[in-house]
Amino acid sequence: MTPRYVEPQPGLKLEVAGREVAGRALDQTGDQGQPTRFLLGVPAVVLLLVLLVPIVWTVVWALHADIPLIGNFVTVVTDEDALAAARNSVLWVGIALIVVALGYGIAVVSRVVHGLWRVLLYLLILPFGVSALVSGALFRMIFDPAPERGMAGALFGGDVVWLGPGLIWLVLASSFAWTWVGFVVVLFRAGLDAQPRGEPVLLGRSGLPNPGPVTYIVLLTVLVAAIRVFDLVLIAAPGSMQDDVDVVGLHWWRMTSRSADTGAPAALAVLLFVIVGALSLATMRQRRAEQEIPAPAEPSGPATTTSANRRWLSWLVGIGLAVLWLVPVVILLATAFHDPRAAGSAGWWRLSGLGFESFAEVSASWLWPAVLGSVFLAVLATALVVAAAVPAAYLLTWGGMPRWLTRSLTLLLVILAVAPVQMYAGPLRDIFDALGIAGARTPLSLVHAAAGLPFATLVLRTAFQAAPPDPSGTRRPALDGTWLARYMRALIAVGVLEFVLVWNDFIVGFLISGPRSTPLNLLLWGEARQFGISTGTVAAGAVVASVIPVALLLATWPKVISGLAGGATE
């Protein structure tokens with residue numbers, strides 16, 4: 001049967017047009033007689049071994065115990081502290097679902113007044129370029145109970161302990177939402193805008209518009225980010241509250257810090273991996289099970305009134321969000337432009353103490369070497385990811401591999417894309433220490449590249465699947481102008497996201513290379529450990545740490561979102 005080219009729906013996906021993708025969008029190619037095509041996958045295999053070997057090593061540690069296979073797992077599941085951390089991690093899943101629902105609602109409302117939201121979307125996406133460490137530090141400043149420093153303390157006085165039991169979760173959830181809501185909104189908007197005009201597709205029988213396959217990207221990304229939360233909790237919660245808000249990832253670090261035992265931490269890492277993998281599979285199954293029901297025709301009578309009400313709602317929501325999203329930015333900048341003493345004692349809203357002393361203090365010590373180190377790490381890791389992901393994605397799509405092999409490799413990439421750092425951090429840290437390269441930037445960039453490669457390959461594979469077949473019959477992609485534009489947007493998305501994620505990284509460098517690697521966020525965390533007396537320098541360092549990733553993201557985000565959504569919209 002002659003294969004039929006199907007225009008893909010927007011979004012990273014494992015299925016196209018109702019049939020499973022197996023190696024490419026078409027049947028097996030004519031490249032099967034060219035074994036050299038497998039050389040395209042060599043760079044990706046080499047990088048993936050950087051993850052696979054330590055992951056297997058961690059599993060071996062987890063299974064090696066006095067009671068074979070299960071001893072370490074029994075130790076973990078009977079540890080009250082570990083169970084409390086697990087319960088908190090489940091609570092983070094609930095926070096993530098609220099963020100996704102909120103982002104979806106905003107995306108639907110934003111379609112009513114296009115001119116207003118065209119500007120507001122830039123504001124909403126801005127925090128996504130800020131690291132979790134900076135976001136956590138910023139919201140700790142906002143909710144500082146001291147009236148002379150925190151806005152919450154100044155408004156409500158010292159009677160309300162925002163960073164204390166119970167309310168600390170409001171601070172953490174607010175910081176997480178500020179970072180992720182914009183990402184959710186713009187992706188849902190891309191999915192909604194890609195739906196056929198005049199023929200809306202609904203979510204089941206809810207009557208709500210269906211954003212399509214981008215829902216999978218949103219759910220997977222935000223849920224995994226929530227279950228793997230680490231640096232946000234580490235910096236936003238005071239030391240006295242760390243045990244109350246402990247999560248699985250942080251508990252793993254504390255276990256490895258307090259004991260030389262490798263078995264129990266490895267078992268905890270495996271359990272975390274299983275949880276994240278189950279969430280990933282659940283979101284995939286949910287998307288496959290979606291039923292698309294045509295939208296009923298709207299009554300013609302009240303349409304004008306309904307439209308006017310929606311416009312008012314869109315304006316109100318937009319103005320409210322603009323204020324909420326701008327306030328943290330203003331507080332960060334105002335604090336940074338106070339001298340260290342005034343920032344810690346006089347309040348960011350006062351005009352006394354304005355100046356550049358906080359910037360001067362961090363510049364004279366650690367700032368610029370750390371910036372250069374982060375530039376090196378981010379650029380090298382991004383170059384490695386692009387160099388390995390492009391040929392690997394082509395091989396998976398058009399390489400003519402057997403169907404079972406392509407499906408197996410794709411599943412492996414999906415699993416590795418959500419693998420928590422704790423699954424490979426322990427063995428890699430031991431290897432780095434044994435080789436004397438702990439703190440070296442080049443080995444650390446290899447780890448970053450290996451961690452980013454699976455997701456990048458899946459995104460680029462989706463772009464290759466969008467290419468129509470060559471009409472000459474060679475069963476290779478026809479590289480027309482439309483497809484090339486989509487492919488370039490996907491390539492930009494991969495490059496920008498990898499750069500931003502590596503630049504903003506704290507957990508990989510912290511768990512594997514330690515403070516000697518001196519990336520920017522590690523040194524910022526060290527500065528923030530004396531939060532009360534270093535508010536000004538923390539804010540100044542946070543501003544400098546955020547300028548490059550935020551500027552890059554704002555300059556490219558329409559193409560980044562389009563690339564993630566399959567390139568169909570911009």
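**Entry 1: helix α7**

Where do Asp 193 and Arg 189 both lie, and how many residues apart? I found both in helix α7, 4 residues apart, about one turn of the helix. I work here with a predicted model: local features need pLDDT of at least 70, side-chain atom pairs count only at pLDDT 80 or more, and totals for chains, interfaces and linings use all residues. Residues are numbered from 1 along each chain as its sequence is written, and side-chain values use heavy atoms, with hydrogens and water left out.

**Entry 2: salt bridges**

I looked up the salt bridges next. The term means a side-chain nitrogen of Lys or Arg within 4 Å of a carboxyl oxygen of Asp or Glu. The structure has 3 of them.

Asp 193 pairs with Arg 189, with 3.3 Å between the closest N and O atoms. Asp 193 also forms a salt bridge with Arg 111, again with the closest N and O atoms 3.3 Å apart. Asp 193 belongs to helix α7 (residues 168-193), while Arg 111 sits in the loop between α3 (80-110) and α4 (114-125), so this pair ties together parts 82 residues apart in sequence. I note that Arg 111, Arg 189 and Asp 193 are linked in a network of salt bridges.

I then checked accessibility. Buried means under 20% relative accessible area, exposed over 50%, and partly exposed in between (1.4 Å probe, protein chains only). Asp 193 is partly exposed at 34%. Arg 111, at 29%, is also partly exposed. Arg 189 counts as buried at 10%.

Arg 254 and Asp 246 meet through their side chains in a salt bridge, at 2.6 Å from N to O. Are these two buried or exposed? Arg 254 has 9% relative accessibility and counts as buried. Asp 246 is buried too, at 5%.

**Entry 3: Ser 534**

Which loop holds Ser 534? I located Ser 534 between α21 (520-528) and α22 (535-564). Ser 534 is buried, with a relative accessible area of 6%. A contact here means heavy atoms within 4.5 Å. Leaving out residues up to four places away in sequence, Ser 534 touches Glu 527 and Ala 528.

**Entry 4: the whole chain**

I counted secondary structure as DSSP runs, numbered from the N terminus: helices are H or I with at least four residues, strands are E with at least two. The protein chain comes to 22 helices and 4 strands. Of its 570 residues, 55% count as buried. Among contacts between residues at least 6 apart in sequence, 78% join residues at least 24 apart. The chain exposes about 24100 Å², and carbon and sulfur atoms supply 67% of that area. Accessible areas come from the Shrake-Rupley method with a 1.4 Å probe; for residues, only the protein chains shown count as cover.

**Entry 5: confidence**

pLDDT is the predictor's confidence in each residue, from 0 to 100. I read a mean of 82 for the protein chain, with 83% of its residues at 70 or more. Which element has the lowest mean pLDDT? Strand β1 (residues 15-16) does, at 33, and helix α1 (residues 42-63) has the highest, at 95. Over residues 1-33 pLDDT stays under 50, and the model has 93 contacts beyond four places in sequence for this stretch. Residues 291-305 also have pLDDT below 50, with 16 contacts in the model beyond near neighbours in sequence.
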